[in-house]
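Okay, everyone, thanks for coming. Let me put today's model up on the screen.

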Amino acid sequence: MTFSEMHEQDGTIRSCYAEVKRWIDETGIDGLHGRMDEAEAIFRRIGITFAVYGEGGDPERLIPFDLLPRVFSRLEWERLDKGIRQRAQALNAFLYDAYHRAEILRAGLIPQDLVYQNEAFRPEMIGFDPPGRVYSHIVGIDIVRTGPDQFEVLEDNCRTPSGVSYMLENREIMTRMFPGLFSKGLVTPVDDYPALLLRTLKEVAPPACKRDPVVVLLTPGSLNSAYYEHSFLADLMGIELVEPVDLFVDNDRVWMKTTTGPRAVDVIYRRIDDDYLDPLAFRPDSLLGVPGLFHAYRAGGVTLCSAPGAGLADDKAIYVYVPEMIRFYLGEEPILSNIPTWQCGTESGLAYVLEHLGELVAKEVHGSGGYGMLIGPQATSEAVAAYAARIRANPGGFIAQPTLALSTVPTLGESAVVQRHADFRPFCLVGSQMRLVAGGLTRVALTEGSLVVNSSQGGGVKDTWVLRN
Amino acid sequence: MLSRTAANLFWMARHLERAESTARLITMGQRMAVLPGSAYRDEWRSVLRVTGCEPFHTRSGPVTEADVVRILLLDSENPASIHSCLVRARANGRSVRTKLTQEMWEALNLSWRRFEGYGLDEACQELPALIDWVKTRASVFRGAAETGMLRHEGHDFMRIGGAIERAQMTLRLLDVKYYVLLPETDVVGGGRDHYQWSSVLHALSGIRAYHHVYGGTYSPAHISDFLMVNRAFPRSVAYCVDQMRWHLERLAQEHGVLATCHKTVDEIFEFLLDGQDGAIFQRGLHESVQQCLKLTNRLANEIAESYYF
């Protein structure tokens with residue numbers, strides 16, 4: 001049965017939603033719709049847009065925003081907070097291990113091939129110690145809820161998870177439009193995220209850097225779908241937003257081209273994939289990238305956040321082993337559980353998946369953004385058959401999970417408050433210490449019954465509240 | 001500041017200025033086209049020529065208003081059309097968003113798609129309103145910059161870009177229309193009259209200002225003086241050069257470096273100073289205009305070099 005986050009089983013309102021409920025009743029559906037239009041106009045005007053790959057049409061589509069906040073109680077959050085930090089720590093420990101002695105492989109807990117044959121594995125990183133031994137400085141963990149106490153991790157994002165700008169903007173819009181809701185101080189603020197991010201980035205400056213580190217945010221450019229977020233974060237941190245053409249490497253240091261000549265850079269928060277970072281080290285045919293960047297990194301002239309090769313830890317085939325990592329590196333039991341996952345790369349897994357494909361959610365191991373996935377119960381039998389053929393052709397490239405009854409959250413429908421499925425992505429910062437703001441991005445599937453919340457697939461976003469008590 | 005940021009601010013201002021100047025030129029064309037004998041003089045052609053867009057007119061025969069609206073307002077293939085300029089200004093702004101204020105960005109962001117898929121007939125019918133709209137957008141942007149933008153070097157680059165584009169538009173107009181102001185020789189297309197002269201002033205929205213400075217009569221010497229060396233009229237070449245000098249000077253102080261562009265801007269300044277009191281007219285208007293065009297082009301290149309664009 002689907003868990004409704006707003007209601008107890010008997011239909012009464014759960015106490016953490018009391019304030020939201022009061023506000024909905026007070027404002028009325030028409031009133032809320034009026035304010036929704038207002039909110040949309042504000043988003044459009046300030047240009048918060050999200051480009052969708054491969055769909056044509058408007059390259060600067062507005063991501064739908066739903067007014068009704070998603071609420072966590074203090075108790076719920078305390079547990080999430082511990083579980084998220086635990087996971088972020090274990091993932092970084094695994095990355096360090098994978099690029100050093102690989103104890104976890106020697107212990108036989110993870111198959112060697114899964115690491116060494118992995119596309120995200122970067123042999124160039126072997127034996128290198130990134131500052132603070134941190135590989136993934138911003139860990140975005142996608143969490144779904146299936147019951148009052150069941151929080152499960154859908155996937156990890158260790159490279160450059162996006163969406164935090166929506167967390168900040170959604171709260172900003174809500175505060176601007178409904179100051180009364182926040183005046184009682186019930187909701188934990190999230191607006192210190194940029195300051196915490198900057199502090200985290202400065203902490204991992206190269207040991208040789210003795211000054212206040214110069215941090216930049218490296219974006220592929222204004223055509224990238226997350227460009228808005230890049231400029232937004234750079235702005236709030238007061239750092240330069242650079243493109244690859246702005247940087248060059250000389251004498252093992254990275255420099256940016258300014259109107260007064262070259263200026264040295266210490267830390268690069270890069271929002272560019274490994275492949276396109278440096279044509280000398282990675283894809284030689286890349287026209288993006290800064291030649292020599294990786295060499296400067298290994299020489300200790302600059303820190304890259306996240307480290308090249310950090311994507312190994314968020315691979316969907318590796319995901320299965322995260323609970324093992326938590327036990328192995330931290331000696332703790334996982335606080336957040338994994339979703340049972342069948343790997344088509346194994347014989348038994350493949351047999352099970354092919355037999356039950358109509359009931360499962362199947363995904364490409366290296367896919368992201370909700371592309372190339374199959375939701376068995378909602379697909380036609382032709383689509384299921386076609387997907388099965390794809391799996392047979394390359395079993396190792398696919399995993400499958402049970403179709404989860406994602407919890408639902410109240411969402412503004414045309415004539416009433418309706419229940420829609422949602423997930424949650426918090427952003428854990430890892431520097432010389434771990435930091436986590438009480439909040440994150442709630443994505444909601446706006447179509448009735450839909451389980452796909454990705455913004456690239458028509459999902460929307462909403463403000464996420466963590467109550468103070 | 002990143003060189004790319006400076007370059008984008010510079011070009012953003014140029015594109016916006018260009019869109020606005022072109023809008024003013026179209027207004028001039030409309031005014032001229034209703035005067036007697038206009039078909040013979042092919043006034044619309046001169047509008048295309050001033051903007052360097054004559055090659056986009058491939059049909060033979062005189063240029064019509066619809067041709068100009070298509071080429072200069074709507075055509076997304078023509079990099080100098082108002083449509084293209086707005087799209088480019090916005091693209092420049094988007095890639096340096098953090099250096100713009102919210103209001104500046106909103107002004108840019110609201111403008112850029114206005115002419116996408118706009119029908120030609122529709123545009124011709126609504127032309128005066130569309131032209132006003134373009135001018136208003138430019139004013140809103142400038143106003144937002146005036147009262148909200150941090151006076152860092154980015155502001156200087158933006159102002160310099162705008163001033164160069166504005167000076168060049170005035171120069172190109174004089175380059176194409178100089179024969180109207182010639183004292184002696186026969187003029188192409190028959191008798192000169194004050195309509196012709198006033199058209200040039202109209203194109204630069206300077207007719208009232210002209211009368212304030214020179215009284216009620218038109219003379220070629222006064223008009224060329226007004227548009228070239230008058231330092232109070234914001235669309236005169238001299239005024240724009242003063243602006244460039246002032247902002248380049250600020251950059252020099254901030255960076256502690258004098259570059260070649262500083263020498264060049266002084267050279268243009270001196271050249272115009274020597275042309276005061278009618279001297280520029282005596283010296284030969286056409287040659288002076290050519291010289292200034294050459295120097296401002298050089299200046300733009302040197303700025304790009306000096307600041308690593």
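Predicted model: local features only at pLDDT ≥ 70, side-chain atom pairs only at ≥ 80, totals over all residues.

Residues are numbered from 1 along each chain as its sequence is written, and chains are lettered from A and ligands numbered from 1 in the order in which they are written.

So, the sheet. Four strands of chain A line up as β7-β6-β11-β12, open and parallel; strands here are DSSP E runs of at least two residues, helices H or I runs of at least four, both numbered from the N terminus, and pairing takes at least two DSSP bridges. At the edges sit β7 and β12 of chain A, each pairing on one side only.

What does chain A bring to chain B? It puts 19 residues into the contact, against 17 from chain B, with contact meaning C-beta atoms, placed from the backbone, within 7 Å. On the chain A side, α1, α8, β7 and β9 each supply at least two residues.

Finally, chain B: domain 1 covers 1-150 and domain 2 covers 151-309, with bounds from an automatic or database domain assignment. Each domain gives 30 residues to their contact. On the domain 1 side, α1(B) has the largest share, 18 residues.

Technical notes: Contact = placed C-beta atoms within 7 Å.
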